[in-house]
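Okay, thanks for coming, everyone.

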Amino acid sequence: MIKPPPSRDDLMALAHEHSHVSKDHERATAESVRRKLEARLREIEGRFERDLAEATTDEALRQAWRDHLHRRGPAPDEPPPVPSLVFRGRSEIGSEAVAREKAGDVHIEVDGAVYDRRLRLDLATDPEGAVLRIGPLPPFRERFELPAEALDALRSWLERPGAEPPWRWARELVAEGLVDGHFALTDRGRRALMRRAA
């Protein structure tokens, strides 16, 4: 699967994670904890720079993002957000369907080609999860492509009101459509949690 270039949401998630780890570093008193947090900050900054290099070639935009990360400057409006993933599934013959929300519609691609556009996504459910039917094609069974640890971290966070969101997994959770850019749980996220719990 070809991944799209990092979006504004991806960069924002890394900036949020950096901010939280930075605050923990400022509060830490034990030298061993501070060293671990410094290493974590360097790792986040490295990911941020790699994503930034993929996201844009505009050096002024890159500098504006660096100012946001290090000096809490305003977040740039670019690059544009990737449309929200609302469904990903595979048919019994191996074809993949991906549905994303774009401008109020749901655009459905099958094996990378645009196939259909709808006002909303109608999913059937059975004991094994959600199924998407598209015209004469075999049904597509919903799948989730993220580490089990990311889903477990999301569940733990939701079970503990007031806890910090799982920033470490923010990019994966947003890219897979389980949470939005504000860390609100999506319908797809609810289906993933129900499926994992079953």
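S2 gives the most, with three residues. The lining residues are Val 98, Arg 100, Lys 102, His 107 and Glu 109. How much space lies in there? About 30 Å³. And the structure holds one cavity of 30 Å³ or more. Before I go on, please keep in mind that this is a predicted model.

Now, the strands around that cavity. S2, residues 96-102, is mostly covered, with five of its seven residues buried. S2 and S3 run antiparallel and are joined by six bridges. If you want a pair to click on, take Ala 97, whose bridge partner in S3 is Val 110. The hairpin of S2 and S3 has two residues between the strands, and Ala 103 takes a positive phi near 50° there.

On to S1, residues 84-91, which pairs with S2 in the antiparallel sense, over six bridges. Which residue in S2 is the bridge partner of Ser 84? That's Glu 101. The hairpin here has four residues between S1 and S2, and Gly 94 has a positive phi, near 95°.

And then S3, residues 105-110, pairs with S4 over five bridges, antiparallel again. Have a look at Ile 108: its bridge partner in S4 is Asp 116.

Let's zoom out to the whole sheet. It's an open sheet of seven strands, with antiparallel pairing, and the order reads S4-S3-S2-S1-S7-S6-S5. Which strands stand at the edges? S4 (113-118) and S5 (123-126), and each has a single partner strand, so one side of each is left without a neighbour in the sheet. From one strand to the next, the twist averages 30°.

Where does the lining come from? S5, S6 (129-132), S7 (140-142) and helix H6 (187-197) each supply at least two residues. H6 gives the most, with three residues.

Last stop, Trp 167. You'll find Trp 167 in the loop between helix H4 (148-159) and helix H5 (170-175). Buried or exposed, then? Its relative accessible area is 16%, and the cut-off for buried is under 20%, so Trp 167 counts as buried. What does Trp 167 touch, once we leave out residues up to four places away in sequence? Ala 13, His 16, Glu 17, His 20 and Phe 183. There's a polar contact too: the side chain of Trp 167 meets the side chain of Glu 164 at 3.1 Å.

Glu 92 and Trp 167 are 75 residues apart in sequence, and in space they sit 35 Å apart, C-alpha to C-alpha.

So that's the tour: a cavity lined by residues including Val 98 and His 107, an open sheet of seven strands, a pocket where H6 gives the most to the lining, and a buried Trp 167.

Definitions and conventions
Residues are numbered from 1 along each chain as its sequence is written. This is a predicted model: local features need pLDDT of at least 70, side-chain atom pairs count only at pLDDT 80 or more; totals for chains, interfaces and linings use all residues. Side-chain values use heavy atoms; hydrogens and water are left out. Buried means under 20% relative accessible area, exposed over 50%, partly exposed in between (1.4 Å probe, protein chains only). Contact means heavy atoms within 4.5 Å. A polar contact is a pair of N or O atoms within 3.5 Å; within protein, one must be able to donate a hydrogen and the other to accept it, and residues adjacent in sequence count only if both atoms are side-chain atoms. Two strands pair if DSSP finds at least two bridges between them. Axes are lines fitted to C-alpha atoms, for helices over the stretch in contact, and angles run from 0 to 180 degrees between N-to-C directions. On a 1 Å grid over the protein atoms alone, a cavity is a set of points where a 1.4 Å probe fits but cannot get out, and a pocket is an open set with protein on both sides within 12 Å along at least five of seven lines; lining residues have an atom within 4 Å of a point. Grid points are joined across faces, edges and corners, and a volume is the space filled by probe spheres set on the points.
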